[in-house]
Each structure stands twice: as structure tokens, then as C-alpha cells.
Amino acid sequence: MSDMKFRQLGSSDLEVSVISLGSWLTYSGGIEADRTRACTEAAFDAGINFFDTANVYGRGAAEEAWGEILADHPRDSYVLATKVFGQMSDDPADKGLAPDQVARQIDASLRRLRVDHVDLYQAHRFDADVPLEDTVEALQKVVTDGKARYLGFSEWTPEQVKAAIEIGGEDLFVSSQPQYSMLWRAPEDQIFPLCMEHGISQVVWSPLAQGLLTGKYKPGEEFPADSRFAQSSMNAAQDIVYSEEAVEAVQRLVPIAEGIGHTLPELALAWTLRGPELASAITGASRPEQVHANAAAAGISLDDDVVAACDEALGSLPVTGQTLAVNATPYITRR
């Protein structure tokens, strides 16, 4: 019997598992097809119903992998999210959020995923080369055409979110997908309160800081051979989170986790999910046991003194304040 918990995704009628499965570095080519299937099936076994991918992950490879696997499950047994924006071929123009690109990419994503609609379609980044009105109308058309149920965005600035809502209305978006973890708290400053005001939930990426918050990396030691940072196919985000100071600080969290009878990953995920802003924490996994270990964090409540102890252990290390994400832009183009 699964102990998974579920939360409403923004103003939508979707109920998503608080721990979700993502496919960024793993199922786009980081691991073999049989392990991708094993991890995905483990997610269903653990009660996870929310699966997040993007067209750009392996230029379609992650969507194709899940299209084959998810076809074995009833469509109403999972909530499926994908994204649009990234470079999809060697053609420099084959990216972004122009209306014709959005129209092509949603159809291509649906073909690869073997479904007639996705539950959540997200703008992976903001496209300052396209008038915002064009982008909003293109995304709304995806919903009107029945190809997506709801819309979201990833790593937009507060100003971009406000401008889009002014154009598309209060119910334009139901989700925001920022990087968020004990070590990366930037969204707390402006994005979290803005989204709460507009009924937009957070589905956060890298809640374990690319594995740093599992405690597997030790000060002064080489990366474990089976770890993400040790593999060129899966270490793309290492520079965002890794430093010797961070590795040392994470070790100070270990006794806090042990003191409450949980593992460090469980502590880190429970910390991430502690507030009402969060609908789900997107986790990656290259082995089925990792999926089950992450799912075990669902439903763990942390006392205020535990949260305070974590804050003290990390000190000034976490990134705070409005911080522009990788590949993000602060600019807005209007008609």
C-alpha cells in the first residue's frame, strides 16, 4: 500500500503526487531503456502519478521513451507534463515560442508520447524574441484545440509572469517550475508569493540539488563511480550546485536527518515540500530503488525546530533573492 500524498495543481482540477518523476538527464539517454522502464514502473508502484518531461530532452528521446512505456498504462492513471522552447535540431530557428513553433512542437510531442493530449504544457523558458501576445495566444490555442489541459511556465521572471497574466487572464497558468532546494531558495523571494496570489502552484526541479543533498558526495573524495556527477551524460547541471563548501555544509545536515529518524534525501525533500506553495517535487532516478527512496519522503512533516536547524547548518550558502536561471532572460517583447 502506497503512502503517497497528493496536492491540487494550482487552480486546475489535477491532483498530483507530491513526489514526481522527471526525465531530464536520465531518460533522454543517460541510462539504458530497460532501466528507464524499471524506474518508470517503480514510480507507479510507489504511487507517483505525475511525470514531467520536455521536447528538448534528448531532442525527443525522453518523450519517445515514455511514450512506449506509458502506453502500457491507462491514460487516466497518470498526469503527464511536457515543455516547449529548446533547440530541437541544428536549424538555429528550430526553437522558441513563436506560434508556428509551438504548433509544430505540441504535435511532435504528442506523437512521441503516444497520447492525444498532455495534462500540462509548459513554456520551458521565456522567449524575448517573440511578442508576448503571440506566445500567450499560441499556448492558449494548444488548450483550445484539446492538445493540453492546462498551461505552466518554467523559470520566468515575476515581470514576465505578470505581463502574461495581464494578456491571458487570471487562469492562464496553473504551474511554475523553478529550481528549488535547500541550497537554491531564490524563488521564495518573488515567484512564490506572486504565484500564490494568482493560484499558481510550484512543481520544482532539482529538489535534491542534482544529488548533492543525498550526501553521497564527501569532502575531499572523488565522485562515486555510479553518481550523476561522475558521468558526462548526466552532469550537465553540476556547476549550478556543486562546490566544496556545499559538500561540507550538506554533511552538517546528516545528523539532523538521523536525529528525526530519516535519511538525508527524505529530509531534503520534506523540507522542499514544507510550504503550501509546492504541489510537487520533481525527482530524477537512474535506479528503481532511488524512486522508492524518494517517494518515502511523501507525508513527512518537519517541526519548526528541525527547519531552523537546517537553516543554521547551511548558513549563508543557499542562493537567495531574485536570480536569473540558466538560459533565462529578463526581457519582454510586446506587439
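Guide: In helix α12, which spans residues 304-314, the buried residues are Val306, Val307, Cys310, Ala313 and Leu314. Buried denotes under 20% relative accessible area, exposed over 50%, and partly exposed in between, computed with a 1.4 Å probe on protein chains only. Helices (H or I, at least four residues) and strands (E, at least two) are DSSP runs, numbered from the N terminus. This is a predicted model, in which local features need pLDDT of at least 70 and side-chain atom pairs count only at pLDDT 80 or more, while totals for chains, interfaces and linings use all residues. Residues are numbered from 1 along each chain as its sequence is written, and side-chain values use heavy atoms, with hydrogens and water left out.

Viewed down the axis of α12, the buried residues fall within an arc of 120°, so they line one face of the helix; the arc is that of the directions from the helix axis to the C-beta atoms. The other side of α12 carries the exposed residues Asp304, Asp305 and Glu312. The packing partners of the buried residues of α12 are α8 (244-251), α9 (254-259) and α10, where contact means heavy atoms within 4.5 Å. Just after α12, Gly315 adopts a positive phi of about 60°.

Glu277 is partly exposed, at a relative accessible area of 22%. Not counting residues up to four places away in sequence, Glu277 touches Phe192, Met196, Ser201 and Gln202.
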